[in-house]
Amino acid sequence: MSAERVNVAIVGGGLMGREIAAAIQRWPALIDHPVRPRLTAVCDINPAALDWFDEIDTVVTKTTDYADILSDDSIDVVYVAVRHDLHEKIYRDVIASGKSLLAEKPFGIDGAAAQAVLAEMAAHPESFVRCSSEMPFFPGAQLAVDYVRSGALGTIIEARNSFLHSSDLDLSKPVNWKRQKQFCGEAGVMNDLGMHTWHVPLRLGWAPESVYAVLQDLVPERPGPDGTLVPCDTWENAVLHSWAWHEGVQFPLTTETKRIAPGQKNTWEFEAIGLDGGVRFSTKNPKSVEVFAVVDVPGGGREQVWQQIDVGSQSVWPTVTGPIFESGFSDSILQMWAAFLAERHGSLGDRFGAARPEEAALTHDIYRAALRSHEEGRAVTL
C-alpha cells in the first residue's frame, strides 16, 4: 500500500523551523512508514527568514501572515515555533481550522494559556495535537525508558532528568525574548526547557505530588540593541526536587533545566536507580547506555558494576541507517516526527509517542508550584 500523503506547513522559520524542514527532507530514511509528509508552506513575520526555504522545491507558499496557512485547504498539518506569548492565539487558531498541530513547548506562556488550548481541542476533536519534545527519541533514551518499564529497577530509590545548556554563559550575549519575562513567561527557563525534562518522567507515570524548587537569576542585565544594559528578568537555572511514585513506592525525582551549565552545550541526561538495577544515559555520549547490576565476577566474588552498552542508531521507527552507527539531534527530530505522524495515522501502536497536550499542560502546574516554592522557601503540594 502507498503511504498517505500529508502536506505540512511551518509557522516560524527560525532554527527549529529549519530543523523540521530538513527532517522532512530525510523522510526516505524511515522504513515502511505509513505517511509521506511534504513541506508545502512556510510562514514567518520576517520575510528574510523565508529565503532559506527556497532550497526546498516542494514549498509553494511563503507568507508573513499565518492566516494564509489556515485558509489553505491543501494543508493538513501545521508545526508552530514562535515566542511563548504567541502560543495561545496561534495554537487555538490552528486547532479551530481543523488542521493537526505539532506545537512547540511550553504549550502556552502559562497554565491559563495551556488550558485555553485544551478547551479549543475539546471543541475541535478532529484536530490531532501533540507538543514537540525530541530528546527522548535518542536510541539511548528509548533503551532507558524500556529498562524502567521492564521492572529491572526493582524497588526504586531515585531518578533524575536534566537538560543542560551553556548558551547564556557569555555575559556579553545580547538580551532576547527568552530572557524577558513578558515574552518567555514567569517560569523562565522552565518554560523554555522544562518539557525536555518532564516528557519521560510523565510518560512513565511519575507525576510529582510535591515540589521544592531552587531557582537562580544569575545574570540580571544583558546588552540591549544599542549595547546599553537592560533587564534580563527570567530564571536562568532551575532545579526541582519532587516526590513521585513508581509501582507503589514513593521516591525523590530531580529535574534540572539550566541555561548556564559550564561544560555543557546541549546535554540531556536521564538516570534511574533501584535496589535491583539502574540505568543512565546522556546525549554527551549518544551511543552509550549504562546499566547497573550486582554480578558474579570470576575470581572476584559478587560485585556491583555499571555495564556499558552501545545502542547504535535505531529508535522508535526503523531506518535504513546501519544499526551500529551513532544517532544525533537531527535523527531524534526525524523520529519525533515519525512518531507524531504515525500516531495521527493510527499506526504508532505501543511505541513511545510525542508529548501529549495534557502532559504539557501539567508541566505548567509543576512550574507554578515551583515558583511558589521558591518564593515561600518550602515544598509545595500539587
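In which strand is S162 found? S162 is found in strand 7, where helices (H or I, at least four residues) and strands (E, at least two) are DSSP runs, numbered from the N terminus. The model is predicted, and local features need pLDDT of at least 70, side-chain atom pairs count only at pLDDT 80 or more, while totals for chains, interfaces and linings use all residues. Residues are numbered from 1 along each chain as its sequence is written, and side-chain values use heavy atoms, with hydrogens and water left out.

S162 has a relative accessible area of 0% and is therefore buried (under 20% relative accessible area, with exposed over 50% and partly exposed in between; 1.4 Å probe, protein chains only). Not counting residues up to four places away in sequence, S162 touches T197, E256, T267, W268 and E269, contact being defined as heavy atoms within 4.5 Å. S162 and S282 are 120 residues apart in sequence, yet their C-alpha atoms are 9.2 Å apart in space.

Another residue to look at is N7, which lies in strand 1 (residues 4–11). N7 counts as buried because its relative accessibility is 14%. Leaving aside neighbours within four places in sequence, N7 is in contact with R38, T40, S74, I75, D76 and V77, and a polar atom of the N7 side chain lies 2.9 Å from the backbone oxygen of S74.

We turn next to helix 4 (residues 111–123), whose 13 residues reach 19 Å from the first C-alpha to the last, close to the 18 Å expected at 1.5 Å a residue (the expected span is 1.5 Å times one less than the number of residues). At the start of helix 4, a side-chain oxygen of D110 reaches to within 3.3 Å of the backbone nitrogen of A112. The buried residues of helix 4 are G111, A113, A114, A116, V117, E120 and M121, and what covers them includes helix 3 (87–96), strand 6 (129–131) and helix 9 (357–376).

On a 1 Å grid over the protein atoms alone, a pocket is an open set of points where a 1.4 Å probe fits, with protein on both sides within 12 Å along at least five of seven lines, and lining residues have an atom within 4 Å of a point. About 210 Å³ of space lies in this second largest pocket, and helix 9 gives the largest share of its lining, 6 residues.

The largest pocket holds about 940 Å³ of space. Of the 38 residues that line the largest pocket, M16, A81, V82, W177 and K178 are the closest to its centre. Helix 1 (15–25), helix 3, strand 7 (156–165) and helix 7 (189–203) are the elements that give two or more residues to this lining, with the largest share, 4 residues, coming from helix 1.

Key
Polar contact = N/O pair within 3.5 Å; in protein donor to acceptor, adjacent residues only side chain to side chain. Points joined across faces, edges and corners; volume = space filled by probe spheres on them.
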